[in-house]
Amino acid sequence: GQGIETAGERQEPVVLAAHEPGFTVVGQAGSGRTTVLRAVATQAAAVHWVGGSAEQAWDALGEVAAQPPGTAVLVDDVDTMLTTLPSDYAAEALSRLEHAAREARSRGIHVVLTARRLGAGVTRVADLLPRRLLLALPSRADHVAAGGDGREALVDAPPGRGRWGSTLLQVCEPEDVPVP
């Protein structure tokens with residue numbers, strides 16, 4: 001992506017290195033979670049979306065293991081998706097996501113998850129991905145629960161503004177990238 005210049009200030013783009021297994025995005029409704037996935041999709045060699053209805057998500061999860069190197073596996077609203085699946089399917093879905101995150105580096109794929117909150121199962125998967133992008137969350141406590149520093153919480157940030165570690169960034173708004 002391109003850096004942003006405003007009033008003499010230049011922000012360098014954040015780039016996901018080829019060897020990185022992916023990252024997790026946590027933010028409230030309207031914070032820009034899906035926009036992040038769309039931005040990743042514009043830059044990936046191949047994209048495999050996991051989302052939509054429970055049935056579509058289940059089918060897409062079954063195809064993750066077959067994705068070739070260079071593929072970005074984009075899982076939108078993983079926490080919500082898991083609540084729409086029957087409990088045994090949700091457990092298996094978590095197991096498949098955990099396996100994908102664990103194997104991402106050796107397989108040359110990137111797993112990017114978005115969630116409103118990190119529940120117990122989602123945290124287990126997110127912990128396998130080395131980075132988090134924390135967008136606006138309802139409270140400082142939610143920011144800390146997502147793994148952030150309470151002093152850097154972005155409670156009222158505009159969509160796409162977030163913390164990548166301690167770096168403040170703004171996600172670009174990609175054009176013409178439909179979300180299935």
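This is a predicted model: local features need pLDDT of at least 70, side-chain atom pairs count only at pLDDT 80 or more; totals for chains, interfaces and linings use all residues.

Student: In what order do the seven strands form the open sheet?

Tutor: Strands of a sheet pair through backbone hydrogen bonds, either parallel or antiparallel. Helices (H or I, at least four residues) and strands (E, at least two) are DSSP runs, numbered from the N terminus, and two strands pair if DSSP finds at least two bridges between them. Here the order is β4-β5-β6-β3-β7-β8-β9, with mixed pairing. The edge strands, each pairing on one side only, are β4 and β9 (167-170). On average, neighbouring strands of this sheet are turned by 20° against each other, direction ignored; such angles run from 0 to 180 degrees between N-to-C directions, and axes are lines fitted to C-alpha atoms, for helices over the stretch in contact.

Student: How many bridges join β4 to β5?

Tutor: Five bridges join these strands, which run parallel. As one example of a bridge partner, Val50 has Val75 in β5.

Student: How many residues of α1 are buried?

Tutor: A residue is called buried under 20% relative accessible area, exposed over 50%, and partly exposed in between (1.4 Å probe, protein chains only). In α1, eight of the 11 residues are buried, so this helix is largely enclosed by the rest of the structure. The buried residues are Arg33, Thr35, Val36, Leu37, Arg38, Ala39, Val40 and Ala41. Their cover includes strands β3 (22-26), β4 (46-50), β5 (71-75), β6 (110-115) and β7 (131-134).

Student: Which residues are in contact with Thr35, leaving aside its neighbours within four places in sequence?

Tutor: Contact means heavy atoms within 4.5 Å. Thr35 belongs to helix α1 (residues 33-43) and has a relative accessible area of 17%. With those neighbours left aside, Thr35 is in contact with Val171, Cys172, Glu173 and Pro174.

Student: At what angle do the axes of helix α2 and helix α4 cross?

Tutor: The axes of helix α2 (residues 54-62) and helix α4 (residues 87-107) cross at roughly 40° and come within 10 Å. A crossing is left-handed if the near helix is turned anticlockwise from the far one by less than a right angle, and right-handed if clockwise; that of α2 and α4 is left-handed. From α2, Trp58, Leu61 and Gly62 meet Tyr89, Glu92, Ala93, Arg96 and Leu97 of α4. By class, this contact has five nonpolar, one polar and two charged residues. In that classification, Ala, Val, Leu, Ile, Met, Phe, Trp, Tyr, Cys and Pro are nonpolar, Asp, Glu, Lys and Arg are charged, and the others, Gly among them, are polar.

Student: How many salt bridges does the structure hold?

Tutor: A salt bridge is a side-chain nitrogen of Lys or Arg within 4 Å of a carboxyl oxygen of Asp or Glu. The structure holds nine. In one of them, Glu20 pairs with Arg131, the closest N and O atoms being 3.1 Å apart. This pair links distant parts of the chain, 111 residues apart: Glu20 in the loop between β2 (9-11) and β3, and Arg131 in strand β7. Glu20 is buried at 11% relative accessibility, whereas Arg131 is partly exposed at 36%.

Student: Where do Arg33 and Asp77 lie?

Tutor: The salt bridge between Arg33 and Asp77 has its closest N and O atoms 2.6 Å apart. Arg33 lies in helix α1 and Asp77 in the loop between β5 and α3 (78-84), so the pair ties together parts that are 44 residues apart in sequence. Both residues are buried.

Student: Which residues touch Gly108, not counting those up to four places away in sequence?

Tutor: Gly108 is placed in the loop between α4 and β6 and is partly exposed, with a relative accessible area of 23%. On the stated count, Gly108 touches Pro69, Gly70 and Thr71.

Definitions and conventions
Residues are numbered from 1 along each chain as its sequence is written. Side-chain values use heavy atoms; hydrogens and water are left out.
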